Amino acid sequence: MADDFDIIVIGSGPGGYVCAIRAAQLGLRVACIDKRGTHGGTCLNVGCIPSKALLHASETYSQAAHANHMGIQFGTPKIDMPALMKYKQKTIDGNVQGIDFLFKKNKIEAMHGAGELIAPDRVKVALLDGGERILQTKYIVIATGSDIAPLAGVEIDEQRIVSSTGALDFDSVPKSLLIVGGGVIGLELGSVWARLGTEVTVVEFLDHIIAGADADIAKQFQTVLTKQGLRFLLGRKVTNIETLKASAKVTIAPAQNQNEAGQNEAGQKGANEAGETLSAERVLVAIGRRPYTAGLGLENVGVQLDAQGRVETDKHFKTNIDNIYAIGDVIAGPMLAHKAEDEGIAVAEILVGQAGHVNYDVIPNVIYTAPEVAWVGKTEAELKSANIAYKVGTFPFMANGRAKVNGTVEGFVKTLADANTDRILGVHILGPEAGNMIGEAAVAMEFGASADDIARTCHAHPTLSEALKESALAVAARAIHM
Ligand code: FAD
Ligand code: NAI
């Protein structure tokens, strides 16, 4: 039987749709299937895009409320929830329509339906609008992404107890919101609702927020968010959530990392052993995401999963089955849209014999709060545990002219460089526009730059990026404005 396609990509999130486009650019016949009614995956439909829409809108609201000191008076800003949600939906629609356009432009056969592997070279598609198709192909790329990690014993009804999807779609501003998990979702969506007037409490298992970030950044970030009204209960775990008529009753207990005085490292008194209860109008469960492979038929063809349920691949994204590949959230590595995209490009290039590659040492992380948090490369803790000698240069936004003008002086830049070679090993930023600024650090690291290379590069004045230059100067104790 002749192949219908060279590649069938299952899942049209940032991994899948980018892979499909790159493969089509390289001259392959491509189909991309997604079981949602719209393409773009988690990222465009219920992730990156809607969360950034609400972050942008709520930040604008907050800025309008605090513009008096510049001589601008708006009166008291008001929230029109239906209009806010309409704006959010418009940002989603614009982006998913963009994918439809790109699929057409690149002559990719796009389908809406659930894909199931029925042989190593065949996929059955249960079409969303009825009927099914059996497709023959040379290669299959699994890009089925991830789903919300559940909290044991808790049912997410997306009303009282919500996941990120429900927290992006409230019909009114909740009076109170308890968030389980002080990670990226908890802090981004906690910021959104706190800005709009919700009392936000974050319960985090660890003794610090944003696991994986630089410890100094995480600490100062928590202070900044606390000033913005978020309340943190660290070193605690939620053991039960009871849904009541107009609220939820949440039982929390100490996690194991309490010291003998019953205090966690942040110095807060822990919940007693019997647990304490809190009441909230809504509860957001944001304790991570897990790879999504349900209904994909991996067992039909024997594709192996690892111990965490991720599709196992080699360094070239190939599974244990020769012509089946996997990318994005469904495989190992950070669950980030840009990581999935770069893997999508790499795998398409590998399939036509090119040297597709992703540098996992230089994947930026950004938390889109205000101020933002962004980092790339190693943290101090990682360098210490790897026994790598390093130098540190830090520079506060308080000493940056543009940040002072804008009134966004919270935070700092930290540059970590190899003690012997001066090569940049990591850059960590808490501050305004950190997400845009980290791009410069990523490019520098890709080119193997030293801290001195950044320090000697002319940065425009007055810009926030001068803080990065100054932190690179500070590595050799020669920052000018400090
Ligand atoms: P996904 O985007 O999850 O797409 C997989 C697609 O596969 C889905 O549409 C699914 O319907 C489909 N699918 C699954 N099984 C089948 C099947 N059998 N047949 C057909 N289709 C199937 N990352 C960032 O980098 N920046 C951010 O700002 C950011 N914000 C986020 C905010 C939230 C609230 C959430 C939840 C996530 C956020 N992420 C962010 C993470 C980001 O969304 C993911 O890392 C990214 O979407 C992963 O891309 P992917 O292509 O691997 O999978
Ligand atoms: P996360 O992994 O970032 O954070 C989850 C937090 O929950 C951790 O700090 C963990 O210690 C804590 N936790 C786990 N179990 C707990 C329990 N029982 N009680 C209390 N705390 C508990 O996961 P999150 O925030 O759900 O986000 C999932 C993923 O989505 C992220 O890891 C990221 O990959 C992606 N994402 C990325 C964004 C970005 O790039 N800006 C934005 C939103 C999501």
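Which element gives the largest share of the shell around ligand 2? I started my notebook with that one, and I found that helix 6 does, with 3 residues. I keep in mind that this is a predicted model.

**Entry: ligand 2**

I looked up what sits around ligand 2 and found 22 residues, with Glu188, Glu204, Gly288, Met335 and Val366 as the closest. By kind, I get 13 nonpolar, 3 polar and 6 charged residues in this shell.

Next I went through some polar contacts. A polar atom in the side chain of glutamate 204 is 2.6 Å from an oxygen atom of ligand 2. For isoleucine 185 I noted a backbone N or O atom at 2.9 Å from an oxygen atom of the ligand. Phenylalanine 205 also uses its backbone: a polar atom there lies 3.2 Å from a nitrogen atom of ligand 2. How much of ligand 2 does the protein bury? I noted that ligand 2 exposes 840 Å² when taken alone, and that the protein buries 77% of this area. Helix 6, strand 9 (199–204) and strand 11 (236–243) are the elements that each give two or more residues to the shell.

**Entry: helix 6 meets helix 3**

I stayed with helix 6, which spans residues 184–195, and checked how it runs against helix 3. Their axes come within 9 Å and cross at roughly 35 degrees. I put the crossing down as left-handed.

Which residues meet there? On the helix 3 side I listed Ser51, Lys52, Leu54, Leu55, Ser58, Glu59, Tyr61 and Ser62. On the helix 6 side I have Glu188, Leu189, Ser191, Val192, Trp193 and Arg195. The residues of this contact divide into 6 nonpolar, 4 polar and 4 charged.

**Entry: ligand 1**

Arginine 36 has a polar side-chain atom 2.9 Å from an oxygen atom of ligand 1. Aspartate 329 does likewise, with a polar side-chain atom at 2.9 Å from an oxygen atom of the ligand. With proline 14 the backbone takes part, as one of its polar atoms is 3.4 Å from an oxygen atom of ligand 1. I read that ligand 1 alone exposes 1000 Å², of which the protein buries 94%.

**Entry: glutamate 281**

I then looked at glutamate 281, which lies in the loop between strand 13 (276–280) and strand 14 (282–285). For Lys175 I have a detail: its backbone nitrogen lies 2.7 Å from a polar side-chain atom of glutamate 281.

Most residues other than glycine have a negative phi, and most peptide bonds are trans. With that in mind I looked for exceptions.

- I found a cis peptide bond from alanine 370 to proline 371, with omega near 0 degrees. Proline 371 sits in the loop between strand 17 (365–367) and strand 18 (372–377).
- I found another cis peptide bond joining histidine 461 and proline 462, where omega is about -5 degrees. Proline 462 belongs to the loop between helix 13 (451–455) and helix 14 (466–475).
- I noted a positive phi, near 35 degrees, for isoleucine 210. Isoleucine 210 is in the loop between strand 9 and helix 7 (215–227).

Note on methods: Residues are numbered from 1 along each chain as its sequence is written. Chains are lettered from A and ligands numbered from 1 in the order in which they are written. This is a predicted model: local features need pLDDT of at least 70, side-chain atom pairs count only at pLDDT 80 or more; totals for chains, interfaces and linings use all residues. Side-chain values use heavy atoms; hydrogens and water are left out. A polar contact is a pair of N or O atoms within 3.5 Å; within protein, one must be able to donate a hydrogen and the other to accept it, and residues adjacent in sequence count only if both atoms are side-chain atoms. Accessible areas come from the Shrake-Rupley method with a 1.4 Å probe; for residues, only the protein chains shown count as cover. Axes are lines fitted to C-alpha atoms, for helices over the stretch in contact, and angles run from 0 to 180 degrees between N-to-C directions. Helices (H or I, at least four residues) and strands (E, at least two) are DSSP runs, numbered from the N terminus. A crossing is left-handed if the near helix is turned anticlockwise from the far one by less than a right angle, and right-handed if clockwise. Contact means heavy atoms within 4.5 Å. Ala, Val, Leu, Ile, Met, Phe, Trp, Tyr, Cys and Pro count as nonpolar, Asp, Glu, Lys and Arg as charged, and the others, Gly among them, as polar. A residue is near a molecule or strand if one of its heavy atoms lies within 4 Å of it.
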